[in-house]
Amino acid sequence: MTSNQSAGTTIDWSEGFRVVAGHMELGLTEASPETQGFWDGVERDQLMIKRCVRCGRHLHPRRMGCPDCWQGDLRWVEATGGGTVYSFSTVHRAPAAVWQASAPYCVGIVWLDEGVALFTRLVPDGGGEPSIGDRVVVSFRALESGQKLPVFLVREGRS
Ligand SMILES: [Zn+2]
């Protein structure tokens, strides 16, 4: 169930839904019209991002227009699934009880090889913490909440 179907309320998604920190867009946890292609990809174990038809720039799944050429004609493409650790944080006190049994765990921003930043769960090889610049590869898992999401497996060592 998405929030626009809950409690009899209707959310107007026409302007999109953005969570930003600086110039980064964070977090994808539920479907909205502009992210439906991403969630359809998750069902198929495919990491889908957007690509500007005009200039070819790859874009975050939530983008509704290209910030370079101001074009709105975007298409879904499958990402390679590779990237590097841009930043991360180890969560010791989970924000909800369902996550606490997994603490400590790592979340952070992955810089995809296509040049798109995604906020995600990081799964270091053998536990512990990743390092900035470590190579990562996407995997699809049902997380503690039961929701299937892309996570990134960390391979130690810079690219
Ligand atoms: Zn463009």
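Among contacts in the chain between residues at least 6 apart in sequence, 47% join residues that lie at least 24 apart. The model is a predicted one, and its chain averages a pLDDT of 84, with 79% of the residues scoring at least 70. Of the 159 residues of the chain, 22% count as buried.

**Overall make-up**

- The secondary structure of the chain comes to 2 helices and 10 strands, and from the N terminus on these elements follow the order β-β-α-β-β-β-β-α-β-β-β-β.
- Over residues 1–6 the pLDDT stays under 50, and for this stretch the model has 8 contacts beyond four places in sequence.

**The largest nonpolar core**

- In soluble globular proteins, nonpolar side chains tend to be buried together.
- The largest nonpolar core here holds 20 residues, of which L59, V85, V110, L122, V136 and F152 touch the most other members.
- At least two residues of this core are supplied by each of the strands β3 (48–52), β6 (82–91), β7 (105–112), β8 (117–124), β9 (134–142) and β10 (148–158), and β7 gives the most, with 4 residues.
- Both domain 1 (25–78) and domain 2 (82–158) take part in this core, each contributing at least three residues.
- V136, one of the core residues that touch the most other members, is in contact with G83, T84, V85, V110, L122, F152, L153, V154 and R155, when residues up to four places away in sequence are left out.

**The three-stranded sheet**

- Strands of a sheet pair through backbone hydrogen bonds, either parallel or antiparallel.
- An open sheet of 3 strands is arranged in the order β4-β3-β5, and its pairing is antiparallel.
- The edge strands of this sheet are β4 (58–59) and β5 (74–78), each of which pairs on one side only.
- Strands β3 and β5 run antiparallel and are joined by 5 bridges, and M48 stands opposite E78 in β5.

**L74 in strand β5**

- L74 lies in strand β5, and this residue is buried because 22 other C-beta atoms lie within 10 Å, where the cut-off for a buried residue is 20 or more.
- Leaving aside residues up to four places away in sequence, L74 touches K50, R51, C52, V53, L59, R63 and C66.
- L74 and L59 are 15 residues apart in sequence, while the distance between them in space is 8.7 Å, C-alpha to C-alpha.

Note on methods. Residues numbered from 1 in each chain as written. Predicted model: local features only at pLDDT ≥ 70, side-chain atom pairs only at ≥ 80, totals over all residues. Core = buried A, V, L, I, M, F, W, Y, C linked by C-beta atoms within 7 Å. Buried ≥ 20, exposed ≤ 12 C-beta atoms within 10 Å, placed from the backbone. Domains from an automatic or database assignment. Contact = placed C-beta atoms within 7 Å. Pairing = 2+ DSSP bridges. pLDDT = per-residue confidence, 0-100.
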